[in-house]
Amino acid sequence: MSAPTAVKSTRQVVEEAYGAMNTGNGEAFAALLADDVVVMECDHHPCPGTWSNKAELLDAFPTLAASLGLRAVHIRALIVDGDRAAAEIAIECTSKSGKEYSVDACETWKVRDGLVVAIRPYYWDVTALAETAAS
């Protein structure tokens with residue numbers, strides 16, 4: 001009989017997810033997602049919508065990243081309480097015209113059995129984000 005696999009902590013999962021995003025490692029990011037993961041982007045986001053499972057999210061992620069010109073995500077603060085986390089982040093992006101810009105946001109995460117089951121971003125000014133991304 002094999003030894004049970006240790007379940008990653010919520011902090012480990014969130015930090016590894018951002019690390020995978022920053023390195024473009026889609027396989028590592030996908031390995032952290034539960035099959036029933038839900039991600040919601042608000043209506044004024046350049047790529048709004050709700051993705052209700054792993055396959056939908058992985059299919060949409062390149063479009064989501066491209067809509068912002070995503071280059072990197074930096075964790076400024078990470079607060080973890082059990083299976084929930086809130087990350088204050090700075091998102092580095094490049095607009096359609098090539099202008100570099102940064103977006104401040106907070107994302108809430110829910111992790112179950114070492115896998116991400118929900119991510120919900122909150123942007124300081126999503127209208128300005130959409131306008132800058134498109135410029």
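Author: A polar contact is a pair of N or O atoms within 3.5 Å; within protein, one atom must be able to donate a hydrogen and the other to accept it, and residues adjacent in sequence count only if both atoms are side-chain atoms. The model is predicted, with local features requiring pLDDT of at least 70 and side-chain atom pairs pLDDT 80 or more, while totals for chains, interfaces and linings use all residues. Residues are numbered from 1 along each chain as its sequence is written, and side-chain values use heavy atoms, with hydrogens and water left out.

Reader: What makes the approach of the Ser67 side chain to the backbone oxygen of Leu64 a polar contact?

Author: A polar atom of the Ser67 side chain lies 2.7 Å from the backbone oxygen of Leu64, and the cut-off is 3.5 Å, so the pair qualifies. Ser67 belongs to helix H3, residues 54-68, where a helix is a DSSP run of H or I with at least four residues, a strand is a run of E with at least two, and both are numbered from the N terminus.

Reader: Why is Ser67 called buried?

Author: Its relative accessible area is 10%, and buried means under 20%, exposed over 50% and partly exposed in between, using a 1.4 Å probe and protein chains only. Contact means heavy atoms within 4.5 Å, and, leaving aside neighbours within four places in sequence, Ser67 is in contact with His45, Pro46, Cys47, Lys96 and Ala133.

Reader: What makes Arg112 and Asp36 a salt bridge?

Author: The N-to-O distance between their side chains is 2.8 Å, which falls within the 4 Å limit, so the name applies. This pair links distant parts of the chain, with Arg112 in strand E5 and Asp36 in strand E1, 76 residues apart.

Reader: Which other salt bridges can be examined in the same way?

Author: Arg76 and Asp104 form one, with their closest N and O atoms 2.6 Å apart. Arg76 lies in strand E3 and Asp104 in strand E5, so this pair ties together parts that are 28 residues apart in sequence. Glu15 and Arg11 form another, at 3.9 Å between the closest N and O atoms, and since they are four residues apart in helix H1, about one helical turn separates them. Arg71, Glu92 and Glu100 are linked in a network of salt bridges, and a search of the whole structure finds six salt bridges.

Reader: How do you know that strands E4 and E5 pair?

Author: Two strands pair if DSSP finds at least two bridges between them; E4 (residues 84-94) and E5 (residues 100-112) have eleven, in the antiparallel sense, so they qualify. Ala86 stands opposite Thr108 in E5.

Reader: Why are E2 and E3 called edge strands?

Author: Six strands form an open sheet of mixed pairing in the order E2-E1-E6-E5-E4-E3. Strands E2 (49-51) and E3 (70-81) each pair on one side only.

Reader: What makes the phi of Asp113 worth noting?

Author: Most residues other than glycine have a negative phi, whereas the phi of Asp113 is positive, near 50°. Asp113 is found in the loop between E5 and E6, and its relative accessible area of 64% is over the 50% limit, so it counts as exposed.
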